[in-house]
Amino acid sequence: MLGAALLPIDTSTASASGTPGAEQSTGPLDRFVKRYMETMHAPGMTVALLADDQVTSRAFGYGNSQARLPVAVEQPFWIGSICKSFVGIVAMQLLDEGKLDLHKPVLEIMPDLPFVNDFGPITAHHLLTHTSGLPNWLQLFSSDPSQRAKQAYAPGDRFAYCNLGYDTLGLLIAHLDGQRWPEVVTARVFRPLGMAGASGQIDDSVQARMPTGYQFQYRDRSCTVADPLVASGYVLMSNAAGSIAATADDMAKYMRMLVRRGIGPAGRIVSEEGFKLFSTPYIKAPVLSPNASYGYGVGVETIDGRMMLRHTGGATAFASSILVDLDGGVGAFASINAMQEYRPNPVTKFAVDLLYAEKSRRTAPKEPGIENPLDCKRPEEFGGVYKSTDGETLTVKAQGSSLVLTGVRGMTSLRSLGPDLFSAADGRVLDGGGSTDAPSEFALIFERDKSASSPGVIGLSYGPRWYAGERFHGPHEDSRMEEAERYKGVYTNDSPWMSPLRVVERNGKLWLDGVEELHSTGIDRFAVNGGEGTLELEFVSFLDGRAQMLKINGDVLRRVALIAST
């Protein structure tokens, strides 16, 4: 696998701005990063450290795995949603200048914005804190010109992560400042802080300087960190929800400004009051961590008794984390050149712990353990024989911290995707044909008896199929949904952000990718209740009784007719 193929020699490097003290403190961090990358199958990583006003940049692994080219500290990485903190800083600058009113309805400023606020006026404060009630579309202007974003609840009522809100903020900032978002952030943040390698937009020019970004080869199914990666294509983006690429040195300079509470090399870039507003915890934000709250574009959390600013970032082929200890005066940023559905939070946390211990002359923390995401917790709970109504049998056995599934087509290990959720390493065992390295087309869901005081596993779902376990004692019949054929199928579009979606029927219900149940909300309309709010689907453009298009999350997907792999 790409991630496991780390260089056999030490590929980490330090920037010239690193100090001898900071260099010595990175020994345990270097070891931890390499163990972390091996466990998580990460191709490469860049790390920025800040301590005592000094910055250090580190690089690990491959910037191009095929050519065996190591990551260079001079290469910018796409920081994803960490960009939102830059939006917060710029918003505070405009507030300082009297250009922005945080509590004025944005539709009074820009009446042509395509959203509907039936539950109440939306302000910049609501957009900055993810409390607008708008859906979590990637962008405000969807591929369907007639589509308008609608609120699901009253502004300020609850936190629901919303990329659309930050795209809107970028448009609002451009309107108020008279420049486009990439120009605004360059002039107001990058240049004053000396972030010479940073870009406010993702284009061909900046991507030519970046390491190769990787994504899963099989985008039409749930994958684990052990599944194969391929190089991702170029993307064009200026959406303020996540359009910044920066080097480790750039991010260290940004963290230095944060630790100084808004002061750059030549003086303040945001007022003391503006920075206080930026870093105020307004509302709980469990999407960042169980104890985190959200400020203006940044998470705020007290960790080990000290105030921290934090955020993560995900892009099509990059994953990032930033953690800044405002009270301790240290910070860390890490970014991986692959999107494998995790963020390098353990790296930034251990780095901050090391730097704070050194600065405060305390005993250095021990290297933390690294949990292998492929391992199964309590594998003995899942063992047993599972049978479908047509007589197919699957046998699951525990082997150490792993599970092994045996079916009529052979045997395969199961890899954890989350609680009670697994992928078959060899998809051919469940799907028939296909490549030897392809995981199963659907995730396997072990279902529990929720009515029991100690819910045990009673069944196993796989795409359109359901298998009764040995502990299942109810009726085992395959019910059918009369109109399921109108919706079942595979839908896709050309967006690099959107994976193909499969709609299947199982036990008389419709399921998105075999995992999320679709709940009817009207004629040809459904909703999925997810962790970041409700996802709305509308099936349209019917031919021969089947939907040819699917509207979802501000995007339009088309039906593709696929046959089984051979």
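Visitor: At what angle do helix α2 and helix α6 pack?
Guide: Helix α2 (residues 83–96) and helix α6 (residues 181–193) pack at an angle of about 75 degrees, and their axes are 10 Å apart. This is a predicted model, where local features need pLDDT of at least 70, side-chain atom pairs count only at pLDDT 80 or more, and totals for chains, interfaces and linings use all residues. Residues are numbered from 1 along each chain as its sequence is written, and side-chain values use heavy atoms, with hydrogens and water left out.

Visitor: Are α2 and α6 roughly parallel or roughly perpendicular?
Guide: Roughly perpendicular, a label for angles of 65 to 115 degrees. The axes are lines fitted to C-alpha atoms over the stretch in contact, with angles running from 0 to 180 degrees between N-to-C directions.

Visitor: Which residues make that contact between α2 and α6?
Guide: From α2, Cys83, Phe86, Val87, Ile89, Val90, Gln93 and Leu94; from α6, Trp181, Val184, Val185, Arg188, Val189 and Phe190. Contact means heavy atoms within 4.5 Å. By class there are 11 nonpolar, one polar and one charged residues.

Visitor: And how do α5 and α6 pack?
Guide: Helix α5 (residues 163–177) meets α6 at about 70 degrees, with axes 9 Å apart, so α5 and α6 are also roughly perpendicular to each other. Gly170, Ile173, Ala174 and Asp177 of α5 touch Trp181, Val184 and Arg188 of α6. That contact divides into four nonpolar, one polar and two charged residues, with Gly counted as polar.

Visitor: Switching topic, where does Asn64 lie?
Guide: Asn64 is in strand β2 (residues 54–64). A polar atom of its side chain lies 2.8 Å from the backbone nitrogen of Ala67, and the backbone nitrogen of Gln66 lies 3.2 Å from a polar atom of the Asn64 side chain.

Visitor: What else does Asn64 touch?
Guide: Leaving aside residues up to four places away in sequence, Asn64 touches Leu69, Thr212 and Tyr214.

Visitor: Now pockets. How much space lies in the second largest pocket?
Guide: About 920 Å³. A pocket here is an open set of points on a 1 Å grid where a 1.4 Å probe fits, with protein on both sides within 12 Å along at least five of seven lines; lining residues have an atom within 4 Å of a point.

Visitor: Which residues are closest to its centre?
Guide: Of the 36 lining residues, those are Glu441, Phe442, Pro464, Arg502 and Val504.

Visitor: Which element gives the most to the lining?
Guide: β27, with five residues. By class, the lining has 14 nonpolar, five polar and 17 charged residues.

Conventions
Helix = DSSP H or I, 4+ residues; strand = E, 2+ residues; numbered from the N terminus. Parallel < 35°, antiparallel > 145°, perpendicular 65-115°, else oblique. Polar contact = N/O pair within 3.5 Å; in protein donor to acceptor, adjacent residues only side chain to side chain. Points joined across faces, edges and corners; volume = space filled by probe spheres on them.
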